[in-house]
Amino acid sequence: HFNPYVNTWLQVSKLAGCVLDSCLKVELLAEMPQPAMLADTVEVLPGKLLFVPGQQAATDVVDGVSLCANEDGVVKGYVVTHYSKMACGRAFGPFDLEQTIRFCRALGKRLEASANFGQPLVITSFPNDPAAHTNVVVLLGAYLILTLGWSVDSLTATFGTETATRSMPGSWSQTYGSDVMQVRHCWGGFEAARRHRWIEEAVLTDDFYASFVCGKYVAWASTYDASWVVPGCILVCADPTTTALDPNPCTCTELWPEP
């Protein structure tokens, strides 16, 4: 017969082993090196998300722009459909809706992974690249507004007025001193989109649906040179005749559907 005292002893030993294992895990987490708090570090989400601009990407430091990659791992950066980057002049941002959605989804996953290790996620921008710094700040604002419901005022309080008023040249701009758009204007657009539900919540929570919407967005821009500003209500497009006559094989070839 099995000795009940031995059985009890085994159960207590097993419990003690679990407690010891948990204590060791906590100790290891405590000994893990914490990210350096540089002078320009912004603690976006306390204990969860830091923004440290101008750092070299590493295992524990993620380049924010890299989170905009599509399924093929490609980051398009700032583009105007059917035009070369040279034709865009000094313009460098903001990134389009597809890349913004992909950034939000990727950042959410990275935050979950970092939380499992008990470490904050560190986001950076490419060193000595003011344009990258500005674009990453815009994208972080998109995530915080669309996913967490932040306001432009709360973003300005977190990142500072100097960051919120960083300027961005418009497309085709060739001269300095004429920049009108600022980071806070982009944030204001995201805030309006959330308030009026121009961007569906499923896009920010469901990978399959996000990929579907991004594909539709790219197809509309490539084929019709058009994009929905307010889905089902306001569609903005280039001169349709010019688009139909464009020799680019991606664009539509007829202004009206054939009978």
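Q: Where is isoleucine 101 found?

A: In this predicted model, isoleucine 101 is part of helix 2.

Q: Why is isoleucine 101 called buried?

A: Buried means under 20% relative accessible area. Isoleucine 101 has a relative accessibility of 4%, so this residue counts as buried. Leaving aside neighbours within four places in sequence, isoleucine 101 is in contact with Val203, Ala210, Val213 and Cys214. From isoleucine 101 to leucine 139 the distance is 9.3 Å, C-alpha to C-alpha, and the two are 38 residues apart in sequence.

Q: What makes helix 2 roughly perpendicular to helix 3?

A: The axes of helix 2 and helix 3 (residues 130–148) cross at roughly 70° and come within 9 Å. The range for roughly perpendicular is 65 to 115 degrees, so helix 2 is roughly perpendicular to helix 3. On the side of helix 2, the contact is made by Thr100, Phe103, Cys104, Leu107, Gly108 and Leu111. Helix 3 brings Leu139, Leu140, Ala142 and Tyr143. Sorted by class, the contact has eight nonpolar, two polar and no charged residues.

Q: In what order do the four strands of the open sheet stand?

A: The order is 1-2-4-3, and the pairing is mixed.

Q: Why do strand 1 and strand 3 stand at the edges?

A: Strand 1 (42–45) and strand 3 (62–63) each have a single partner strand, so one side of each is left without a neighbour in the sheet.

Q: How do you know that strand 1 and strand 2 pair?

A: Pairing calls for at least two bridges between two strands. Strand 1 and strand 2 have three bridges, in the antiparallel sense.

Q: What makes strand 3 and strand 4 a pair?

A: Two bridges join strand 3 and strand 4 (residues 121–124) in the parallel sense, and the requirement is at least two. Valine 62 stands opposite isoleucine 123 in strand 4.

Q: How many bridges join strand 7 to strand 8?

A: Strand 7 (residues 226–230) and strand 8 (residues 234–237) are joined by four bridges and run antiparallel. Tryptophan 228 has leucine 235 in strand 8 as its bridge partner. This hairpin has three residues between the strands, and glycine 232 takes a positive phi near 75°.

Q: Is aspartate 96 buried or exposed?

A: Aspartate 96 has a relative accessible area of 14%, so this residue is buried, the limit being under 20%. Aspartate 96 sits in the loop between strand 3 and helix 2. Beyond neighbours within four places in sequence, aspartate 96 is in contact with Lys76, Val79 and Tyr217. The loop between strand 3 and helix 2 is also the place of proline 94, and the peptide bond from glycine 93 to proline 94 is cis, with omega near 0°.

Q: Why is tryptophan 172 called partly exposed?

A: Partly exposed lies between the buried limit of 20% and the exposed limit of 50%. Tryptophan 172 is at 42%, so this residue counts as partly exposed. Its place is in the loop between strand 5 (167–168) and strand 6 (181–182). Phi of tryptophan 172 is near 75°, a positive value in a residue other than glycine.

Q: What makes arginine 197 exposed?

A: Exposed means over 50%, and arginine 197 has a relative accessible area of 73%, so this residue is exposed. Arginine 197 lies in the loop between helix 6 (183–195) and helix 7 (201–205). Although it is not a glycine, arginine 197 has a positive phi of about 60°.

Q: Where does pLDDT stay under 50?

A: That happens over residues 28–36, for which the model has 12 contacts beyond four places in sequence. Where pLDDT is low, the predicted coordinates should not be read in detail. For the protein chain, the mean pLDDT is 84, and 84% of the residues reach 70 or more.

Definitions and conventions:
Residues are numbered from 1 along each chain as its sequence is written. This is a predicted model: local features need pLDDT of at least 70, side-chain atom pairs count only at pLDDT 80 or more; totals for chains, interfaces and linings use all residues. Side-chain values use heavy atoms; hydrogens and water are left out. Axes are lines fitted to C-alpha atoms, for helices over the stretch in contact, and angles run from 0 to 180 degrees between N-to-C directions. Angles under 35 degrees count as roughly parallel, over 145 as roughly antiparallel, 65 to 115 as roughly perpendicular and the rest as oblique. Contact means heavy atoms within 4.5 Å. Ala, Val, Leu, Ile, Met, Phe, Trp, Tyr, Cys and Pro count as nonpolar, Asp, Glu, Lys and Arg as charged, and the others, Gly among them, as polar. pLDDT is the predictor's confidence in each residue, from 0 to 100. Buried means under 20% relative accessible area, exposed over 50%, partly exposed in between (1.4 Å probe, protein chains only).
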